Structure formats: structure tokens, C-alpha cells
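Dear colleague,

I am passing on a structure that you have not worked with before, and I would be grateful if you kept it open while reading. My notes on what was found in it follow directly below.

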Amino acid sequence: MALQIIIGAQWGDEGKGRMVDWLASQSDYVARFNGGDNAGHTVTIGSKIYKLHLLPSGIIHPNTIAMLGNGMVINPASLLVEMEMLQTAGVTIDPQRVRISHAAHLITPAHQAMDKAMEAARGSGNLGTTGRGIGPAYTDKAARNGLRMGDLLAIDFMDRLQSHIEKANQSLSFYSAPALEIKPILEVFEAQRKILTPYIQDVSSELHQALAQGKRVLAEGAQGTLLDIDHGSYPFVTSSTTTAPGVMTGLGLGLDAAQNARVIGVAKSFQTRVGSGPFPTELSGELAVRLRGTGSNPWDEFGTTTGRARRVGWLDGVLLRYAARINGLTELVLTKLDILSGFDQIRICTAYRVGNTTLTEPPFGVSDLGCVEPVYSELPGWRADLGSLRHWEDLPEQARSYIRTVTGTSGVPVRYASVGPEREQIVDVPGLG
Ligand code: IMP
């Protein structure tokens, strides 16, 4: 299959990084098409843990070429830190392996300062952004004021950057936030543009040619379906298209590339969310602590980018069905099944109740979830530790039944279930569920 797409089917943090890493071993190109360093993807290989924010997780495989698409917003400072971190870890990073779209937008310190100032001004109604400047960078893009990676090559770039910071300083004063000192920012950018210039290319054209030659392209989604700017729980969303159709616009591919694409949705075996917004199946108390962990393990539910404790709850099958529809998922990967070991009963939300009405689809998309009551199916839990199991037949019958219920509820076959953070801790689900 020439184009494979990996999408988060929930509110982000589904464990896409390790799935991408796994599929990247059979790919020629790995590509990010949306978002910026608000994303945090953890890849565990043996004793090494890589935390990636901008570069596609598949870059860890030496056979891949990594693409950063036009749909992204890129903070050069974060990108350079990440490149250096990988180089130190022995991963080759050079213009032969990494390309950055000329049409991706830049994130500047002004965008970050605006993000923080706007969040502070929202007070208790804040969105819980990552503070990385994502919203303001996409705002500048839509307002046609943005600076793009290709602009780094322009002779007058430093003047344009200066005028961008000056304008931002006016806006910051409106929020009573301190103005940014311009000179140090210009100096840093001057150094960064020299390093990044050789990486700036026409990503769309190269990917188009690669697909025409039968090369395998893996598109890596960041965040998740429910954080999509159009189809997520607006306004508690990010500012980009996180869903599968965003691959086409965010990499500059035509719809012909989407034909027969494999669209893999990654969903955690339970629900998590960082930041504000409605969460119908949210849990608190002891059950929540058991799902979240204490933070002592790298896989506990604390943000890769911000370190914030994630909100946790039972799996929401209504939202999973919705994700299947919006993305056109062809299959599901269910992650962190091992975390559910030890519960007497496990619940899956299969419908919502609003007053006397039962809904099997979210009302008006997913923005109106504040008023719904989850309707649960209860399934028996299991005791066994799943971490060492690799085969479907070895899973406890209750775990297999849980997987079948996820397939039945979502309408999409679960193809794999992960039972731990390591590469090989995956169970192949036979007969597509
Ligand atoms: P922003 O993308 O920083 O503007 O944040 C908007 C919302 O998306 C906030 O609720 C963030 O917590 C959430 N968010 C952004 N990126 C991620 C991610 O990679 N995983 C999970 N949540 C995210």
C-alpha cells in the first residue's frame, strides 16, 4: 500500500509514536502533516526512550526519509534541539534524510508569548494550550501575515521578522504582557536560518514523485481526531486539521494519493485528555489513579510536552465511531491494553443519554458533549499481566472479549493490540477482530 496514514482516534496521546515506529520499518518516507511542537511522541527502543515533538517518529529507522509538511507550524529552536538530540543518539540527521516544506509556517517567540498572554487573559475559561505558540502561528497563517520556512531564504527576511515582532509587541501590550526584546531574537534567527536553509525543499513535489514510483509513504498524525479544528470539541481543540483528510492538504497531495490508502486509527484502551473541555466518561478518585499511574513510569498518563497530569476515563465508543466516520478508518490499533489488567469490571460507553433520549452519535459533532450522560456496557475484567503475551490465543478470554466489543462498538476492526511500551509488545488480532 503506497500511502499509509496513522491518526489519533481520541484526544491525542494514543500511543501513535510506537505504532509509527513499527510501520516505519517498512516505509520509504515518514511525514508529519499538521501541528508543531505541541505534539509529544514517545518511542521506546530497548533502553532508549526518544521524545519527539516535530520530526516524524519514523525517523529513528535509518531506511526512512523524514518530511515536515506544509500543514505544520515549526519552531526552529525546538527543531534544532530535537535534531541535535537525535544526532547525539546516533540517528543521522542531514538534508539527505530530512526535508522541510518551504510552505510550512514558522513559530517565533512572539507567537509563544501571544499564546501565553491570550491563555492568561482567558482566565478560568482557558483552553489549556501547550503554550507553544500553535494558535497564534495558525492565526497569522489564516490572516495572511505568517512567516514561512521558505521566507528564511529571502534577502529581506530579517526585516520581515523585525516587523512581525514589533506588531506582536503592540498586541502584547494590549494584553498587558511585557514586550519582547527584538535584537536577541533576530540574532538567534540569523544563526538558525543558516543551519536550516539546506533542509528547505518542495515536499509536495517529492512525495508526489515518490508515490508515482511506488515508494511507501507513512503519514503521521499529531494530536487526535477530537482536537481537530473543525471536527473536534471546539473551542477546546488545537488549531490544525488533525484528521486523515488533513494529510492531503498538509503534504500537498491530490486525492488520487488517497485511493486505497490504509487509514489506521490508534486508540488507547481507555480515554484520556489533556487540557480543558468536556469529557463524558471521565473518572476521578481511585479508578482514575489506577488508569493514570503515579508518574513513576514513562508510560504513565502525564504529558510528554508539558508534564501535566492527563484526565482519564473509560473508553468512549460513541467517540470512536465518530472518529471512524470522520477519518474513514480502515482499521484500529488498541494501545495500553495491559493497563486494564486487575480491574474487576471494565466499562465501555456505547451510547449517550440526554434527558429521555438515547443517542448513538454525538449531538452536533463533539462540541456539545457537556450535556450527555454516558450509557455503559460492563465487561468482566482480567487479572493476568499481559506484558509478556504475544499471541491472540494466549490473551485471557475477557481481554479478547473486550477487543471484540471495541470492534463491535466502533464498527472498525481492531487489527493490533499493544500490551506494553516496547516495540515487540504487540498482539496481532486475527480475522480483523
Ligand atoms: P495547542 O495545540 O497548544 O493550542 O493546545 C490546544 C489543546 O490541544 C489543549 O487542550 C492541549 O492540551 C491539546 N493538545 C495539543 N497538542 C496535544 C497533543 O499532542 N496531545 C494531547 N493534547 C494536545
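Gln223 lies in the loop between E10 and H8, and its phi is near 55°, a positive value in a residue other than glycine. Since this is a predicted model, please take this and everything that follows as computed from predicted coordinates. Gln223 has a relative accessible area of 8%, and because buried means under 20%, Gln223 counts as buried. Pro235 is also found in the loop between strand E10 (217-220) and helix H8 (246-251), and a cis peptide bond, with omega at about 5°, joins Tyr234 to Pro235.

A positive phi, near 65°, is likewise found at Arg144, again a residue other than glycine. Arg144 sits in the loop between helix H4 (134-142) and helix H5 (157-174), and with a relative accessible area of 75% it is exposed.

The ligand deserves a careful look. The space it takes is the largest pocket, and 16 residues surround it, the closest being Asp13, Asn38, Thr130, Thr238 and Arg308. By class, this shell consists of six nonpolar, eight polar and two charged residues. Which polar side-chain atom lies 2.6 Å from an oxygen atom of the ligand? One belongs to Thr238, and an N or O atom in the side chain of Thr130 is likewise 2.6 Å from a ligand oxygen, while a polar backbone atom of Gly128 is 3.3 Å from an oxygen atom of the ligand. The protein covers 97% of the 460 Å² of accessible area that the ligand has on its own.

Helix H1, which spans residues 16-24, is mostly covered, with eight of its nine residues buried; among them are Lys16, Arg18 and Asp21, as well as Met19, Val20 and Leu23.

Asn75 is found in the loop between strand E6 (73-74) and helix H2 (76-88), where its side chain reaches the backbone nitrogen of Ala77 at 2.9 Å; Asn75 counts as buried because its relative accessibility is 6%. Val414, for its part, has its place in strand E19 (residues 414-418) and is buried, with a relative accessible area of 0%. Val414 and Glu331 are 83 residues apart in sequence, yet their C-alpha atoms are 5.9 Å apart in space.

With kind regards

Notes
Residues are numbered from 1 along each chain as its sequence is written. This is a predicted model: local features need pLDDT of at least 70, side-chain atom pairs count only at pLDDT 80 or more; totals for chains, interfaces and linings use all residues. Side-chain values use heavy atoms; hydrogens and water are left out. A residue is near a molecule or strand if one of its heavy atoms lies within 4 Å of it. A polar contact is a pair of N or O atoms within 3.5 Å; within protein, one must be able to donate a hydrogen and the other to accept it, and residues adjacent in sequence count only if both atoms are side-chain atoms. Accessible areas come from the Shrake-Rupley method with a 1.4 Å probe; for residues, only the protein chains shown count as cover. On a 1 Å grid over the protein atoms alone, a cavity is a set of points where a 1.4 Å probe fits but cannot get out, and a pocket is an open set with protein on both sides within 12 Å along at least five of seven lines; lining residues have an atom within 4 Å of a point. A molecule sits in a cavity or pocket if more than half of its atoms lie within 2 Å of its grid points. Ala, Val, Leu, Ile, Met, Phe, Trp, Tyr, Cys and Pro count as nonpolar, Asp, Glu, Lys and Arg as charged, and the others, Gly among them, as polar. Buried means under 20% relative accessible area, exposed over 50%, partly exposed in between (1.4 Å probe, protein chains only). Helices (H or I, at least four residues) and strands (E, at least two) are DSSP runs, numbered from the N terminus.
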